[in-house]
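Thanks for coming. I will take a few minutes to walk through one model, so please have it open as I talk.

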Amino acid sequence: MSAETPPFHELHLIVGFDGSPAAMRALDTSARLLAVRPPGRITVVWVAHLTSTVRLSADAVEIVELRAAAAARLGDSQVAWDFQWRQGLIAHELIAVAESVQAARPDDVVVIEVGSSSSAMHRMVGSVAVNLARHSPVPVTVVP
């Protein structure tokens, strides 16, 4: 029998964040998880659907506001975090972030966290959580 301690890997949580109540719950859950299971870090990701350069200035304001909201939520948690802005399909971009983290830090345990939503748009076009569950190469946690 071996008394070796198994390797302890850093947990890297990728949190899809748009400022909605569901996204706030996912961010709060991530911070609580890392508070009891260090070491780890959070990458907060907002994905925009830019249709023209006219929208770019409005999105720039939204980026600042969302980053500030994330900072306010994570400020007291003592958890390392960063913020990324991406453009494209939400599930695809979250997977791309997870894959880039995994490539850069292969010993980390990478998990995508999203909040669940029951909006009419999600029922019509399919939710991000369902798309992630079908296509993600890393574990996905859906926070109710």
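First, the ground rules. This is a predicted model, in which local features need pLDDT of at least 70 and side-chain atom pairs count only at pLDDT 80 or more, while totals for chains, interfaces and linings use all residues. Residues are numbered from 1 along each chain as its sequence is written, and side-chain values use heavy atoms, with hydrogens and water left out.

On confidence: pLDDT is the predictor's own confidence in each residue, on a scale from 0 to 100. The average for this protein is 83, and 80% of the residues score at least 70. Residues 120-125 stay under 50, and the model has four contacts for them beyond four places in sequence; a contact means heavy atoms within 4.5 Å. Where pLDDT is low, the predicted coordinates should not be read in detail.

Now the cores. By nonpolar core I mean a set of buried Ala, Val, Leu, Ile, Met, Phe, Trp, Tyr and Cys residues joined through side-chain atoms within 4.5 Å. Buried is under 20% relative accessible area, exposed is over 50%, and partly exposed is in between, using a 1.4 Å probe and protein chains only. The largest core has 21 residues, and among those with the most contacts inside it are L13, F17, L27 and L74. Two or more residues each come from β1, α1 (21-36), β2 (40-48) and α2 (54-74). The element that gives the most is α1, with six residues. Helices here are DSSP runs of H or I with at least four residues, strands are runs of E with at least two, and both are numbered from the N terminus. Look at L27: beyond four places in sequence, L27 touches V15, F17, I42, V44, A70, R73 and L74. There is also a second, separate core of 16 residues, which includes V47, V97, A98 and V114.

Next, α3. The expected span of a helix is 1.5 Å times one less than its number of residues. The 15 residues of α3 should therefore span 21 Å, and the end C-alpha atoms are 21 Å apart, which agrees. Buried in α3 are A91, E93, L94, I95, V97, A98 and V101. Their cover includes β1, β2, β3 (80-87), β4 and α5.

Which residues form salt bridges? The structure holds five of them, a salt bridge being a side-chain nitrogen of Lys or Arg within 4 Å of a carboxyl oxygen of Asp or Glu. One joins R105 to E10 at 3.4 Å, N to O. R105 is in the loop between α3 (90-104) and β4 (109-115), and E10 is in the segment before β1 (11-16), so this pair ties together parts 95 residues apart in sequence. R105 also pairs with D108, at 3.0 Å. Shared partners put E10, R105 and D108 into one network. R105 is partly exposed at 38%, whereas D108 is buried at 8%. Another bridge links R86 and E93 at 2.9 Å; R86 is partly exposed at 23% and E93 is buried at 10%.

Last, S136. Where is S136 found? S136 sits in the loop between α5 (128-135) and β5 (140-143). S136 is buried, because its relative accessible area is 17%. Leaving out residues up to four places away in sequence, S136 touches I95 and I112. The S136 side chain also reaches the backbone oxygen of V138 at 2.7 Å.

Notes
A polar contact is a pair of N or O atoms within 3.5 Å; within protein, one must be able to donate a hydrogen and the other to accept it, and residues adjacent in sequence count only if both atoms are side-chain atoms.
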